[in-house]
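Student: I have a model open and want to check some of the terms used for it. Can we go through them?

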Amino acid sequence: MQNIEQDKITSSILSVDSLSVCYGSRKKPIKVVEDVSFDVSAGESLGIVGESGSGKSQTMLAVLRLLGEGGEITSGNIVFDGRDIRSLSNHAMKRVRGNGIALISQDALSALNPAMKVGRQMAEPLVVCDGMSNDASRRKCIDLLDRVGIHGAVSRLECYPHELSGGMRQRVLIAMAISRNPKVLIADEPTTALDVTIQAQILDLIDDLRKDLGMGLVLITHDLGVVAGIADRVSVMYGGRIVETGRTEQIFDAPRHPYTVALLKSIPKIDQSKSERLSPIPGLPVDPRAPLPGCSFSARCEYTKDSCTRSRPALLFAAADGVHQFRCPVDPFGARPESDAENLSRSGGRG
Amino acid sequence: MSQFATSPETGRGVFVSNLRNIGTNTSLLIGLGLVSLVVISAVLADFITPHDPNFANPIIRYLPPLSEGYILGTDELGRDILSRLIYGARIALFVAIIPTVISLLIGGILGLIAGYVGSFIDTFVMRYFDIMFAFPGILLALGISAAIGPGLNSMIIAMVVVTIPEFGRIIRGVVLGVREELYVEAARVLGYSHARIILFHILPNVVAPALIYGTLQTGRNVILAASLSFLGLGIQPPTPDWGQMLSGGRTSMVMAPHVATIPGLAIVFLAVGFNLLGDGIRDLLDPRSRQSAK
Amino acid sequence: MIPFILRRLIQIIPVIIGVTLATFLLTWLIPGDPTNVLLGPDASEEARERLRRSLGLDRSMAAQYLIYMSNLLSGDLGQSLSFSRPVADVLVSRMANTALLAFAAIVLASVAGVAAGTWAALRPGSLHDRGLTIVVLFLNSMPSFWLGLVLILIFGLQLRLLPVSGMAPSGAGLLSLAAHMILPTITLAAWSLASIARMTRAAVLEVINNDFIRTARSRGLSEWRIVLFHVLPNAIPAVLTVIGMQMGFLFSGAVLTETVFSWPGVGLAMFQAIAIRDIPLIQGGILMLALIFVLINLIVDVLYVYFNPKIKLN
């Protein structure tokens with residue numbers, strides 16, 4: 001672990017620094033991502049966790065410069081492989097997409113073109129962008145399908161997406177993502193549309209590929225349980241901001257932000273007794289059209305004090321290693337470390 | 001995330017927010033303005049026309065527009081075009097609205113029965129609609145009009161026959177959709193009478209589409225009626241009618257193009273009005289369709 | 001695919017029978033003695049009696065329909081009053097001209113409509129998108145015959161650029177034919193162009209917000225390639241339905257356009273028939289155009305399935 005942290009400074013392949021993203025008109029901008037920073041090194045995996053609307057997907061779309069209609073990066077830097085993403089020409093950006101950074105979307109059925117056979121769809125950028133011959137690209141596609149665990153690859157090439165099962169579609173999407181040897185793989189909720197049994201398989205597959213191919217992995221999810229086994233580090237997002245970031249075990253064993261703690265409490269555990277109830281987080285996610293002046297979680301947080309609602313909390317260091325950071329001026333879990341640990345091991349710790 | 005990006009409108013009370021949008025609904029306002037202007041002209045025709053629409057003065061044939069006393073000029077018989085246009089508005093509105101109302105009633109009832117009762121009645125009605133849809137509208141209207149003989153009545157009958165299936169299919173679709181809704185299911189389980197279910201649960205859902213498609217069809221009827229008149233199947237001279245004025249002016253296109261082009265402008269004016277009004281009503285009542293069915 | 005086509009063919013048989021029934025019933029709408037209209041007022045009582053017997057007017061409706069159908073199947077559509085020739089002859093000899101115009105118009109309407117609709121949808125809310133909305137509104141609110149007259153006025157009478165009437169004289173060459181076709185084609189295509197553009201815009205907008213377009217972008221494909229190979233193939237089925245509908249309307253819309261431009265097609269013949277109540281010709285023309293309409297819609301259905309592999313063939 002220590003090694004990775006040291007390498008980070010030199011080998012970080014994708015680094016995002018105080019990124020902000022706005023939607024809407026200039027008169028009434030809606031900030032969906034605010035002051036988000038993170039970095040990923042080759043072979044490392046970062047989990048970004050947050051509920052829907054927290055800005056996690058928009059952050060990743062900003063990295064690929066694929067924000068929707070009206071979306072705009074208003075500040076911050078994105079550096080990929082030594083290049084400044086924001087200043088790249090459209091042409092150069094096209095080469096980064098797929099080739100440098102690849103994306104796996106959440107719903108494989110809608111993420112695949114329904115009117116194009118799987119084989120053609122997989123091969124398209126190989127032929128068009130990399131100049132591969134049809135034969136070579138076909139062989140490569142068969143290899144890729146084998147690699148992601150699809151049997152009978154040859155016949156699958158002739159299928160339309162709707163003719164495959166959900167798990168198989170997700171595998172195809174993964175095969176497409178790794179087809180051009182990207183350095184960073186962004187997986188946006190890769191398992192939400194799948195059955196629980198298949199979810200584990202797909203996560204394992206993504207993790208294996210990350211190790212084998214030495215890619216940096218950014219795993220976006222709303223489910224802390226998903227990142228537990230895979231991510232080296234975790235960033236928790238709420239209301240467009242990162243509220244806590246740290247090594248996975250730090251986040252699970254010694255969370256400092258009330259939102260992280262609340263998220264952990266809402267995960268069901270197998271050994272949970274019936275008398276222990278899951279605690280949902282009260283209230284609704286923050287509406288980006290009506291941002292709060294202070295901490296974005298203050299409206300739902302049981303520890304809110306006056307200071308929380310007044311000014312935006314700064315990132316604070318939780319540990320001496322400089323990795324574990326959180327954004328909470330009250331810091332209810334830092335102040336009472338003993339009772340806190342007890343609390344968590346009873347009701348909110350790692351399952 | 002994507003939820004936010006694609007539907008900033010959800011969560012508001014749809015109807016209330018729509019009423020609030022009337023002021024910004026430009027389609028509705030412009031459409032209402034254009035149609036009202038024609039309606040007012042038609043109603044006040046007796047008071048605002050500068051001349052008798054049928055008074056032919058051979059001395060002043062083919063006066064160009066902006067002539068003194070004849071702002072839009074005169075036609076091949078020396079009649080004042082403006083006066084004829086204003087009186088023509090009566091016929092234009094009549095032949096656009098009346099067939100819509102009649103065929104909406106008949107088509108609506110057919111669609112309602114087909115959708116609500118289902119089974120062989122539905123099959124039968126739909127077969128009938130299918131056959132009617134096999135004819136392009138203008139063609140069948142032309143045939144019916146020609147067989148009965150030209151005139152106002154035959155034109156209206158033709159237009160009604162042609163547009164019944166259009167409304168029937170739309171209303172049937174709505175009824176089929178509503179019938180599956182839980183509250184209708186519940187009403188049936190509670191043992192409410194069919195009349196009550198239709199009146200209180202199904203009809204309210206039919207009103208919006210009927211209003212929207214009725215208005216849009218009225219716009220199409222303006223053109224259909226003008227087309228039949230142009231082909232000589234509509235109102236017979238000398239009653240002032242826009243389509244027939246237009247076809248009368250064809251022979252003098254070289255020396256007096258205004259005789260044919262001005263009535264055409266009036267037709268476009270009214271059709272644009274109804275089309276905008278229909279779009280506006282749709283935006284008002286069914287904002288979801290704004291993008292897909294525009 | 002083949003079984004699907006066969007099944008659709010079988011399905012249209014009742015529709016075709018219904019269409020013949022409807023055209024047959026047109027005679028029944030004629031007020032008074034139909035032979036008066038069918039033969040003209042000057043016909044002898046003898047000829048009337050012969051026609052009455054051959055149409056079975058003295059017999060039941062069903063018998064009359066059977067006679068009508070058997071005549072139809074042997075290619076007999078009756079005698080045209082205005083042309084003093086068999087209706088079938090008149091229609092067949094003019095069908096090619098109408099088809100030529102209709103095909104030219106549908107090609108123009110489809111190409112321009114799909115292009116304009118796609119262009120507008122790629123930048124919704126932009127200036128050209130709003131411009132297209134207004135153009136579509138006007139084209140859809142404009143009687144085609146009026147548009148034809150205005151075009152004649154501008155390009156024929158004022159600028160004297162293009163011929164405004166009739167078809168090229170025989171032997172005048174393709175160039176002259178093309179010149180004669182320009183204005184009628186535009187006139188005929190206008191309404192359909194607007195409808196196709198509107199449908200394309202809606203369909204493209206629907207497709208372009210799909211995740212798979214983002215997938216395609218995230219893989220570094222160029223924008224034009226995405227439009228051509230990912231957006232349009234998914235938008236085409238919806239557009240195709242409209243194009244098919246329009247195609248049928250174009251054949252019948254020809255009645256108005258051909259009248260304005262004196263284009264010697266089925267439509268012009270029908271217009272001339274209206275003036276003297278030549279019902280057999282009108283009846284035959286309607287039947288023929290309606291059958292073409294049914295046939296085109298069948299072809300569109302087949303193409304729809306071909307372009308849309310997701311539809312299960314059952």
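Tutor: Start with the sheet in chain A of this predicted model: four strands in the order E2-E1-E4-E5 (chain A), paired antiparallel.

Student: What makes E2 and E5 of chain A edge strands?

Tutor: Strand E2 (30-41) and strand E5 (83-84) of chain A each have a single partner strand, so one side of each lacks a neighbour in the sheet.

Student: Why do E4(A) and E5(A) count as paired?

Tutor: Pairing needs at least two bridges. Phe80(A) stands opposite Arg83(A) in E5(A).

Student: Which residues of the largest nonpolar core touch the most other members?

Tutor: Trp242(B) and Met270(C), of 153 residues. Helix H10 (residues 223-261) of chain C contributes the most, 15 residues.

Student: Why is this core said to lie between two domains of chain C?

Tutor: Domain 1 (2-73) and domain 2 (87-307) of chain C both supply residues to this core, so it lies between them.

Student: What does Met270(C) touch?

Tutor: Leaving out residues up to four places away in sequence, its contacts include Leu139(B) and Leu142(B), as well as Val255(C) and Leu281(C).

Student: How many residues of chain C and chain B are in contact?

Tutor: 47 residues of chain C contact 41 of chain B. The two chains bury about 3900 Å² between them, 79% of it on carbon and sulfur atoms. In chain C, Phe145(C), Trp146(C) and Leu149(C) lose the most area to chain B, together 15% of what that side buries.

Student: How many salt bridges cross this interface of chain C and chain B?

Tutor: Zero by the rule, which asks for a side-chain nitrogen of Lys or Arg within 4 Å of a carboxyl oxygen of Asp or Glu.

How values were computed
Residues numbered from 1 in each chain as written. Chains lettered and ligands numbered in written order. Predicted model: local features only at pLDDT ≥ 70, side-chain atom pairs only at ≥ 80, totals over all residues. Heavy atoms only, no water. Core = buried A, V, L, I, M, F, W, Y, C linked by side-chain atoms within 4.5 Å. Buried < 20%, exposed > 50% of the residue type's maximum accessible area, 1.4 Å probe, protein only. Helix = DSSP H or I, 4+ residues; strand = E, 2+ residues; numbered from the N terminus. Domains from an automatic or database assignment. Contact = heavy atoms within 4.5 Å. Buried area = accessible area lost by both parts, 1.4 Å probe.
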